[in-house]
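Here is a short report on one protein chain. Look at the sequence and the structure first, then read on.

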Amino acid sequence: MVIFFVLIASGCVTRNYDSNMDLGKSQLNEENYLEAHEAFELAYKEAKTPEARELMDLSGFLASGMKNYDEQDFGSAKSDFEKATAYKAKYREGKQMVSKAVEMHPVSDSATIETVEGNDEPAAKATEEGSKVKDKAAPETKGKGIKDSVSTLSKSQAEKLVKDYVDMENFSNLNIEYDHDSEKGDYIFHVFEVDEPSQKSGHKTTWGWYGVNKKNKEVYEVM
């Protein structure tokens, strides 16, 4: 009889865990990070799995970062995104949230720099005269705003996204190198092993080819 009730309770926990995880992931697809965090938190209370903990933590960082950014608390938003960026994600949804944090970090950073000390308004809007001086001093940046900073992805940033995507930290034998830009303009990286790493002529064994979209930071496998 005791075993029977244990099995019933276990089944209930499993159903609650699975339903909350599914709900959280569906909210992630809609970029509703607060709702996703609440769902993952309920799932973690049911079963303290590494996946639930990872998705709960990352969705919490993004939810807080988005809220702080909307409230123009750019310093706090930047801190939240940095925490998410530094997170060693192991699961697909977690890696996607890290990529989102990488995308949002320069936005909050630019907003922080452009904020006038002691004033909530961006420096470019502080005074009309100040705007004119800024335009004359740096004409090449005229018309560029925060949105442009999101679409700019360096090779080093793209390489980090691939390293996180492949989870190279746990594979010390892997190497990565930039190979070329695709016809669409994406970065293409080669991940490989070297049979004899101590020798320059060591044979390379391909682990995979990976592309990184410069605009949305999406990492994908090149077939």
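## A loop aspartate and two lysines

Start with Asp167. Asp167 touches Lys90 and Lys95, leaving aside residues up to four places away in sequence. Asp167 sits in the loop between helix H8 (155-166) and strand E1 (174-181). Is Asp167 buried or exposed? Asp167 counts as buried, because its relative accessibility is 16% and the cut-off for buried is under 20%.

The model is predicted. Keep that in mind for every value below.

## Overall layout

The protein has 8 helices and 4 strands. What order do they follow along the sequence? The pattern reads α-α-α-α-α-α-α-α-β-β-β-β.

The protein has 223 residues, and 34% of them are buried. Take the contacts between residues at least 6 apart in sequence: 49% of these join residues at least 24 apart.

## The nonpolar core

In soluble globular proteins, nonpolar side chains tend to be buried together. Here, the largest nonpolar core holds 38 residues. Val162 and Val212 have the most contacts inside this core. Which helix gives the most to the core? Helix H3 (residues 50-70) does, with 7 residues.

Now look around Val162. Its contacts are Ile176, Phe189, Val191, Tyr210, Val212 and Val219, not counting residues up to four places away in sequence.

## Helices H3 and H4

Helix H3 packs against helix H4 (residues 74-85). The angle is about 160°, and the axes are 8 Å apart. The angle therefore makes H3 roughly antiparallel to H4, since angles over 145 degrees count that way. The crossing of H3 past H4 is left-handed.

Which residues meet here? From H3 come Leu58, Phe61, Leu62, Ser64, Gly65, Met66, Asn68 and Tyr69. From H4 come Phe74, Ser76, Ala77, Asp80, Phe81, Lys83 and Ala84. The residues of this contact divide into 9 nonpolar, 4 polar and 2 charged.

Gln72 is found in the loop between H3 and H4. Gln72 has a phi near 65°, a positive value in a residue other than glycine. Gln72 is partly exposed, because its relative accessible area is 45% and that class runs between 20% and 50%.

Glu93 is found in helix H5 (residues 92-114). Its relative accessible area is 11%, so Glu93 is buried. What does Glu93 touch? Its partners are Lys25, Leu28, Glu51 and Leu55, setting aside residues up to four places away in sequence.

Ser99 also lies in helix H5. Ser99 counts as buried, because its relative accessibility is 18%. Beyond its neighbours within four places in sequence, Ser99 is in contact with Leu161 and Lys217.

Where is Lys217? Lys217 is in the loop between strand E3 (204-212) and strand E4 (219-221). Along the chain, Ser99 and Lys217 are 118 residues apart. Their C-alpha atoms are separated by 6.6 Å.

Lys217 has a positive phi of about 65° although it is not a glycine. Is Lys217 buried or exposed? Lys217 is buried, because its relative accessible area is 2%.

Technical notes
Residues numbered from 1 in each chain as written. Predicted model: local features only at pLDDT ≥ 70, side-chain atom pairs only at ≥ 80, totals over all residues. Heavy atoms only, no water. Core = buried A, V, L, I, M, F, W, Y, C linked by side-chain atoms within 4.5 Å. Buried < 20%, exposed > 50% of the residue type's maximum accessible area, 1.4 Å probe, protein only. Contact = heavy atoms within 4.5 Å. Axes fitted to C-alpha atoms, helices over the stretch in contact; angles between N-to-C directions. Parallel < 35°, antiparallel > 145°, perpendicular 65-115°, else oblique. Left-handed = near helix turned anticlockwise from the far one by under 90°. Nonpolar A, V, L, I, M, F, W, Y, C, P; charged D, E, K, R; others polar.
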